[in-house]
Amino acid sequence: MKRNELVEELDRTLNVAAFPSDASNNGLQIEGAPEVKRILFGVDGCLALFEHAAAGHFDFVFVHHGISWGGEPRRFTGIHAERFRVMFGNNISLYGVHLPLDAHPELGNNARLAELAELTRLEPFCNYHGYDIGFLGHTKKLVKAAELEKELGTKLKAKPRLIADDGRILKRIAVVSGGGGMDALEQAAAAGADLLITGELEHVMYHPAYELRMPVLALGHYATETLGPRAVMEYIGRKFDVACEFADFPTSL
C-alpha cells in the first residue's frame, strides 16, 4: 500500500487531530519509502527496534513512544544520529502516537487493559493535560485485588506489584496504562474507585495510596502499553493486504 494512505488511515482512525497539545509530535515522524509492504509494531522508538526493522526489511515502523517530543531532538548527534542513520539508511518510515493511543475507546492501551480486566460500562477517566486518557469501569464478577494481580500478571507476562490492598471486593476499577502517577491516583480516589490499575508505581505514590485508602496494582509501564500497538496491528492487518509483526523489547519497568 502507499505510505501516505497508511498515514492518513492511522491519523483518522486514532483521531490524532484531537490531541494538538500532546507533547508527542503524533503522526509520521520519519518519512521513508513511498510503498509499504511490511509494518513493524512496537512500544518504544529505539535503536534496537529500528535495527530489527532494517534486518527484517520492514518499510514502516509504528510505535507508542516516538522519537520526536516538542522541540526535541534539536541536534542530530549521539543516539539521535544512530537512530536516524538506521532509519534513513534503510528508507524506513516511523509513525509515533502517544495520548491518542492511550485514549482510543477501541484500540487504545486503556480500552484493551480494561477489557483484559473484564470491566464493563466504561466511562472516560483521568484528565491529563486536558485529555481523558483512561477509563473507569465496573467488574463483571466478585474479585479481590490480589486475585486480579495474579490473573493480569499471567495474561501480560508481567511482574505486578500491589500496594495499599485492604482485601475489599472490587466493584469499580480505574485504569490508566503507563505512568498514570499522582494524577491517576488522586482522581481514582476522588471517583470512588476500589482499585487503580496502572503501569508504573512511582515513589511519590506509595504513602498517598495508603493515606487515601486507594489500592494500586502496577503491571509495568511497558507491559500495559503493548496492548494498543498490538490492537492497531490487528486492525491494519485485517483492513489491508500488508504484512504486520510486533517486536517485543521489554524493559521490565
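Helix H2 passes helix H3 in a left-handed crossing, a term used when the near helix is turned anticlockwise from the far one by less than a right angle, with clockwise giving right-handed. The model is predicted, so local features are reported only at pLDDT of at least 70 and side-chain atom pairs only at pLDDT 80 or more, whereas totals for chains, interfaces and linings use all residues. Residues are numbered from 1 along each chain as its sequence is written, and side-chain values use heavy atoms, with hydrogens and water left out.

H2 spans residues 47-55 and H3 spans residues 78-89; their axes come within 9 Å and cross at roughly 15 degrees. Helices (H or I, at least four residues) and strands (E, at least two) are DSSP runs numbered from the N terminus. Axes are lines fitted to C-alpha atoms, for helices over the stretch in contact, and angles run from 0 to 180 degrees between N-to-C directions. H2 and H3 are therefore roughly parallel to each other; angles under 35 degrees are classed this way, over 145 as roughly antiparallel, 65 to 115 as roughly perpendicular and the rest as oblique. On the H2 side, Leu 47, Phe 50, Glu 51 and Ala 54 meet Glu 82, Arg 83, Val 86 and Met 87 of H3, where contact means heavy atoms within 4.5 Å. The residues of this contact of H2 with H3 comprise five nonpolar, no polar and three charged. In this division, Ala, Val, Leu, Ile, Met, Phe, Trp, Tyr, Cys and Pro count as nonpolar, Asp, Glu, Lys and Arg as charged, and the others, Gly among them, as polar.

Helix H5 (residues 109-116) packs on helix H10 (residues 227-239) at an angle of about 100 degrees, with the axes 7 Å apart. H5 is thus roughly perpendicular to H10. Asn 109, Arg 112 and Leu 113 of H5 meet Leu 227, Gly 228, Pro 229, Ala 231 and Glu 234 of H10. Four nonpolar, two polar and two charged residues make up the contact of H5 with H10.

Phe 62 is buried, at 0% relative accessibility; buried means under 20% relative accessible area, exposed over 50% and partly exposed in between (1.4 Å probe, protein chains only). The C-alpha atoms of Phe 62 and Ser 93, 31 residues apart along the chain, are separated by 8.5 Å.

Ser 93 is in turn one of the residues touched by Arg 3, not counting residues up to four places away in sequence. Arg 3 lies in helix H1 (residues 3-13) and is buried, at 8% relative accessibility. Other residues touched by Arg 3 include Leu 28, Glu 31, Pro 34 and Phe 60.

Leu 142, in the loop between strand E6 (131-139) and helix H6 (145-156), is exposed, with a relative accessible area of 74%. Beyond its neighbours within four places in sequence, Leu 142 is in contact with Glu 147 and Ile 169.

The structure holds zero disulfides, a disulfide being a pair of cysteine sulfur atoms within 2.5 Å. For Cys 244, the nearest cysteine sulfur, that of Cys 46, is 19 Å away. Cys 244 is partly exposed, at 26% relative accessibility, whereas Cys 126 is buried, at 3%.
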